2 protein chains.
Amino acid sequence: MNYIGIDLGGTNIKGALVSAEGEILKEHSIPTRVDLGPEAVAERIGQVIAQLFDGECAVGGVGVGCPGTVDDASGIVRFAANLNFVNFDLRSALRAHTALPIHLGNDANAAALGEALFGCGRGAESTIVVTLGTGVGGGVVLGGKLLTGYTGAASEIGHMVIAENGEECTCGSRGCFEAYSSATALIRDTKRAMAAHPESLLHAVAAEHGGVDGRTAFLARERGDEAGTQVVEDYIEHLTCGLTNLVNIFFPEVLALSGGVANQGDALLLPLRERVRERSFGSRYAVSHTRIELCTLGYRAGVIGAAMLARE
Amino acid sequence: MNYIGIDLGGTNIKGALVSAEGEILKEHSIPTRVDLGPEAVAERIGQVIAQLFDGECAVGGVGVGCPGTVDDASGIVRFAANLNFVNFDLRSALRAHTALPIHLGNDANAAALGEALFGCGRGAESTIVVTLGTGVGGGVVLGGKLLTGYTGAASEIGHMVIAENGEECTCGSRGCFEAYSSATALIRDTKRAMAAHPESLLHAVAAEHGGVDGRTAFLARERGDEAGTQVVEDYIEHLTCGLTNLVNIFFPEVLALSGGVANQGDALLLPLRERVRERSFGSRYAVSHTRIELCTLGYRAGVIGAAMLARE
C-alpha cells in the first residue's frame, strides 16, 4: 500500500506519493497562496493530491503535516499563524477534493516521524528530533509512534524552560529552550557580541556574507576570534542543557538534530556528544547511551512523515 | 491472576499480593537490614514473597520496585545508594528464593504506575506523577505503560534543568527541578529567609514544631508572615515552571503530585492549576487540558505498581 504525504507550509504545498517502506514514488509541489484564504488553500492541497493519486496504484490515505496546533481527532487546525488558520476544519474542507482517509499532524512532528522511521532513527526504539531553525521544534517518536498527548497538541520541546526568568520567547514565556537554541537566538547573541566587541572579526565575517546569520559566529571562531568563540561556546552550552534534559526525561536511543544550525556538523556534534553524555543523570552506571546524530532526510522527512501519519 | 509487588526501601521491604485489578489481597513487611549486605537483602525479599505466596491462589509473577538505576532487561541494579547496591544482580539473587518470574523497576516509577492505573490516573490515557520529597522523582505512564527509555533507566524528571547555572543539585549538576521543588529545597529556602529576616514569624513557627520542615513557610504564610509568604510564592513559581515544562513536553491527561509537600493540598493545587494552564504552550487553542491532581494511593502505590510490573 502507498500513502500520500502533504507538507503544508506558508510558502509551498509539497506532496509525495510514498510507499509503506518510506520510498518516494512521485512528487508534486505548488505555491500555497495563503493570501487566497483557507478554503482556497484546501482546494490547492486537493490539486496536489489529484496529481499524485493517478489511480495506477492503491493509496491507503492522505497525511497532512501542518504548522501550528493541529487536532487530528476533530480534523481541525486550531491555530496556524503563517497560514491564517484559526479553528479551520481542514479535514472537512479536504473532503470536497478527495475520498481518501485524511490524517492531520503537526508539520514538525510529521518530519520527526519520517526521520525516526526512515532516516537517522531507522531501527531505533525511540527517536527525538530537535529542529534548530527560526524556532526550536521537533517531535518525539516512541516505539514508532508520535507522542502527541491528551490535548491533541504536539509535544512542544522548544517551550521547555531551561532558564527561569531568562530571555524572552516568542510564546510569551521567558527562558524557553527556543529562546537560547534557535537560529534566531544565535543571531541575537551574535549581534550582541558585535555591539560589545567592535574589534571582533564578527563584523568582517558578517560583511563578507551579506549580514549576520547562524553561521557568523562559527566562521569567526574558525578564524580564532575571541568574541565569536564565546558566542559559539555559550550556544553549545545552552543546547547541551536542553538536550540533556531530553535525555534525562526520555532516555531515547537517538537524539537527532536538524534545521539550519545543524549544518555546522561536527563543530556542533562533537562537543554535544561529549557534554550531554557527561551530564546525563545515571550515565555513569548506564550500559547503553543515547546517540546524538544529524537528520538525514532533509525536506523529504516532511512529506515521508506526513504520509506515515496516514499509515498509522 | 494475582501478582506480588515488593517495594524495596532502605528501611523496610514492603510486600503485597495484588489482584490484576489492583486490589491488595494480603500484605507483609519486614525491615530491610541493609547492613547485612545485598545477598541477605535478597534473601529477606524471598521471605516476604514466601509469606505472600501461600499457594491458595495463582500468582503470575513478582515485581520489585527498587531505588536507583535498575535494568530490568539484565536483572541488575546498577546503582542504589541507600541499599549499597552497585551492579548487583538482584534477579539472579532472588532466583534462589522463588521460581516465579521476576520483574524489576525503579521504585518511583513503580509507584507512578500504581497511581496511573488504579489511583488518580485511573482511566486516563496518560499520567505523570511528580513526587515532592527529599528529591523530586516520579514517573511517566503513557497508554498504561511506563516510559523507561532505551537505556533501561527511569525517566529522571527531577533532573530536568529549569535554571541554567542555578542552585546546586545532589546529582552534580546545577539548576535541576529537584534543586527548587523538593522538600529539601523548600527547607533550604525557608532557612535562608529566616537568616535574612530575624523578625519573621518563621522562627516562632519552627520553634513550635521542633524545627524547620516543609510546612514551616506554609504555616507562617497562614499567619500573614511576609517572609514566609515570599518563600511559598517562590516555591510555587519554581514548581509551576517544572510542571509547565512537563505539560509542554507530554501534554498528559493527568499530572499528579505526591510526597510530603503535596500534603499542602489546595494551598498548592489551586495556584498551580491556574498558573500551569496559563503558561502552557497552545493552551489558548487547546480543547482539552491536563488535570493537576493529588495522588490517592499513598504508600500502597509502591506495592501495587510493583505488582503491575509483573503483570506487563
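How much area do chain B and chain A bury between them? The two chains bury about 3800 Å², and 64% of it lies on carbon and sulfur atoms; buried area here is the accessible area (1.4 Å probe) that two parts lose on being put together, summed over both. B:Y150, B:E164 and B:Y285 supply 20% of the area that chain B buries against chain A, more than any other three residues.

This is a predicted model, in which local features need pLDDT of at least 70, side-chain atom pairs count only at pLDDT 80 or more, and totals for chains, interfaces and linings use all residues. Residues are numbered from 1 along each chain as its sequence is written, chains are lettered from A and ligands numbered from 1 in the order in which they are written, and side-chain values use heavy atoms, with hydrogens and water left out.

The contact (heavy atoms within 4.5 Å) takes 39 residues from chain B and 39 residues from chain A. Because 100% of the interface residues of chain B are also interface residues in chain A, the copies meet through the same surface. Chain B is superposed on chain A by a rotation of 180° with 0.0 Å of shift along its axis, at an RMSD of 0.0 Å. The two copies are therefore related as by a two-fold rotation axis; the superposition is by least squares on the C-alpha atoms of residues with pLDDT of at least 70 in both.

Chain A may now be considered by itself. It contains 10 helices and 13 strands, where helices (H or I, at least four residues) and strands (E, at least two) are DSSP runs numbered from the N terminus. Of the 312 residues of chain A, 59% count as buried, meaning under 20% relative accessible area (1.4 Å probe, protein chains only). Residues 24 or more positions apart account for 61% of the contacts in chain A with a separation of 6 or more.

Within chain B, helix α1 (residues 38-52) has 15 residues and reaches 21 Å from its first C-alpha to its last, close to the 21 Å expected at 1.5 Å a residue; the expected span is 1.5 Å times one less than the number of residues. Among the buried residues of α1(B) are B:V41, B:I45, B:V48 and B:L52. An α-helix has 3.6 residues a turn, so residues three or four places apart point the same way. The buried residues of α1(B) pack against several elements of chain B, including β1 (2-8), β4 (59-66) and α2 (90-95).

Conventions
Buried < 20%, exposed > 50% of the residue type's maximum accessible area, 1.4 Å probe, protein only.
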